[in-house]
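Hi everyone, thanks for coming along. Today I'd like to walk you through one chain, and I'll stop for a few questions on the way.

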Amino acid sequence: MLLLCLRPQPYLHLPFKLLGILDVQNVPCARHSILYGSLGSVIAALGHFLFTSRVRRSCDVAVGVFILGTLGCWFPCRYNYAKQRIQQRIVQEGIKNKILFESTHLDPERKQIGTKSDNS
């Protein structure tokens, strides 16, 4: 019984959810966007505070820069991710067709090679 208690337990991978909605570890671009938004907000708030010495206004600037920075990183990243997924799907479809039609009478490369030898 004592040996069972001393056996190391497997590490349970618990997802980190931001506000209970966004799973930062599994959603593409989420971690990147949150980190850049928070870093930008800290820098902007400190800079604003050093210039104006107004605490409340600096916090407002931090929240605004966090929202704008996070969304500013999120949308281009998701757009590029979606574009990459579409290109990947097209390439996969092309590879599947290449494998399916290779060495058959429907192979487009076989017809092109045949027409080139006829023209010579």
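Let's start with a question: is Glu93 buried, partly exposed or exposed? Glu93 counts as partly exposed, because its relative accessibility is 40%, and that lies between the 20% and 50% cut-offs. Please keep in mind that what you see is a predicted model.

Now, what does Glu93 do with its side chain? The side chain of Glu93 meets that of Lys96 in a salt bridge, with 3.7 Å from N to O. In general, side chains of opposite charge can pair when their charged atoms come close. Lys96 is partly exposed too, at 48% relative accessible area. Both residues belong to helix H3, which covers residues 55–101, and they sit 3 residues apart, about one turn of the helix. Here is a handy rule: an α-helix has 3.6 residues a turn, so residues three or four places apart point the same way. How many salt bridges does a search of the whole structure find? The search finds 1.

Let's step back and look at the whole chain. There are 4 helices and 2 strands, and if you read along the sequence, the pattern is α-β-β-α-α-α. The chain has 120 residues, and 11% of them count as buried. Its accessible surface comes to about 10,400 Å², with 66% of that belonging to carbon and sulfur atoms. As for contacts between residues at least 6 apart in sequence, 45% of them join residues at least 24 apart.

Next, helix H2. This helix has 23 residues and reaches 32 Å from its first C-alpha to its last, close to the 33 Å expected at 1.5 Å a residue. Which residues of H2 are buried? They are Ala30, Ser33, Ile34, Gly37, Ser41 and Ala45.

Let me pick out Ser41, which lies in H2. Ser41 counts as buried because its relative accessibility is 9%, under the 20% cut-off. What is Ser41 in contact with, leaving aside its neighbours within four places in sequence? The answer is Ala62, Val65 and Phe66.

Thr70 lies in helix H3, and at 12% relative accessibility Thr70 counts as buried. Not counting residues up to four places away in sequence, Thr70 touches Ser33, Ile34, Gly37 and Val65.

The C-alpha atoms of Leu68 and Gly40 are separated by 9.4 Å, and the two residues are 28 apart along the chain.

While we are on the surface, here is a patch to find on your screen. Val63, Ile67, Leu71 and Phe75 form a nonpolar patch there, and together they have about 380 Å² of accessible area. Val63 has its place in helix H3.

Now for the backbone. Most residues other than glycine have a negative phi. Two residues here are worth a look with that in mind. Cys29 has a positive phi, near 75°, and its place is in the loop between strand E2 (22–23) and helix H2 (30–52). Ser53 has a positive phi as well, near 60°, and its place is in the loop between H2 and H3. Which of the two is buried, and which is exposed? Cys29 is buried, with a relative accessible area of 12%, whereas Ser53 is exposed, at 54%.

Last, a word from the records. An unreviewed UniProt entry lists residues 34–55 and 61–81 under "transmembrane region". What does the model show there? Over residues 34–55 the chain is 91% helix and 0% strand, with the end C-alpha atoms 23 Å apart. Over residues 61–81 the chain is 100% helix and 0% strand, and the end C-alpha atoms are 30 Å apart. Remember that Ser53, with its positive phi near 60°, follows H2.

Methods. Residues numbered from 1 in each chain as written. Predicted model: local features only at pLDDT ≥ 70, side-chain atom pairs only at ≥ 80, totals over all residues. Heavy atoms only, no water. Salt bridge = Lys/Arg side-chain N within 4 Å of Asp/Glu carboxyl O. Buried < 20%, exposed > 50% of the residue type's maximum accessible area, 1.4 Å probe, protein only. Patch = residues over 30% accessible without salt bridge, like charges linked within 9 Å, V, L, I, M, F, W, Y side chains within 5 Å. Areas by Shrake-Rupley, 256 points an atom, 1.4 Å probe, with all protein chains shown as cover. UniProt positions renumbered as here; feature names shortened; annotations may be inferred. Expected span 1.5 Å × (residues − 1). Contact = heavy atoms within 4.5 Å.
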